[in-house]
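User: Could you take a close look at one part of this model for me, the aromatic cluster and what lies around it? Please spell out the cut-offs as you go.

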Amino acid sequence: VQLQASGGGLVQSGGSLRLSCAASGNINKVNAMGWYRQAPGKQRELVAVDGNAVGTNYGGFVRGRFTLSRDKAKNTVDLQMNSLEPEDTAVYYCFADILLNTWRQNDYFGQGTKVTVSS
């Protein structure tokens with residue numbers, strides 16, 4: 001399984017970025033898909049994840065600024081981030097909970113895409 005992410009970069013405070021991720025490989029079903037992030041010196045935290053049965057869950061810091069869009073048919077997910085703040089600076093990791101064609105279920109993280117918000 002591969003999670004191919006794109007869209008990170010440098011943006012000024014108040015700006016916007018869009019992250020995209022596509023899952024591919026020996027996939028039977030994607031149970032959940034979304035994004036985590038990890039800032040320097042901090043633990044990885046949930047940004048937004050959409051689960052098949054539970055809908056989308058956002059981290060408390062999002063405060064309506066980010067929107068997760070998921071295409072279940074294409075196994076893709078986008079994260080539209082608006083009103084970015086310097087505190088949003090982190091490496092963002094695409095995440096997927098996947099049932100393989102071998103009937104094993106695993107959590108996967110992509111390689112990460114860096115988001116830097118300047119003040």
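Analyst: Happy to. Ring pairs link Y36, F95 and F109 into a cluster. Before the details, a word on the ground rules: this is a predicted model, where local features need pLDDT of at least 70 and side-chain atom pairs count only at pLDDT 80 or more, while totals for chains, interfaces and linings use all residues. Residues are numbered from 1 along each chain as its sequence is written, and side-chain values use heavy atoms, with hydrogens and water left out.

Searching the whole structure gives three aromatic pairs. Rings of Phe, Tyr and Trp (its six-membered ring) pair if their centres lie within 6.5 Å; planes under 30 degrees apart are stacked, over 60 edge-to-face, and the rest tilted. Y36 and F95 have ring centres 5.4 Å apart and planes at 65°, so they form an edge-to-face pair. Strands here are DSSP runs of E with at least two residues, numbered from the N terminus. F95 has 7% relative accessibility and therefore counts as buried (under 20% relative accessible area; exposed is over 50%, partly exposed in between, with a 1.4 Å probe and protein chains only).

Y36 also pairs with F109: the centres are 5.5 Å apart and the planes at 75°, so this pair is edge-to-face. F109, at 37% relative accessibility, is partly exposed.

Finally, F109 leads us to the largest pocket, whose lining includes F109, Y108 and L3. A pocket is an open set of points on a 1 Å grid over the protein atoms alone, where a 1.4 Å probe fits, with protein on both sides within 12 Å along at least five of seven lines; lining residues have an atom within 4 Å of a point. Strand β1 (2–6) and β10 each supply at least two lining residues, and β1 gives the most, with four.
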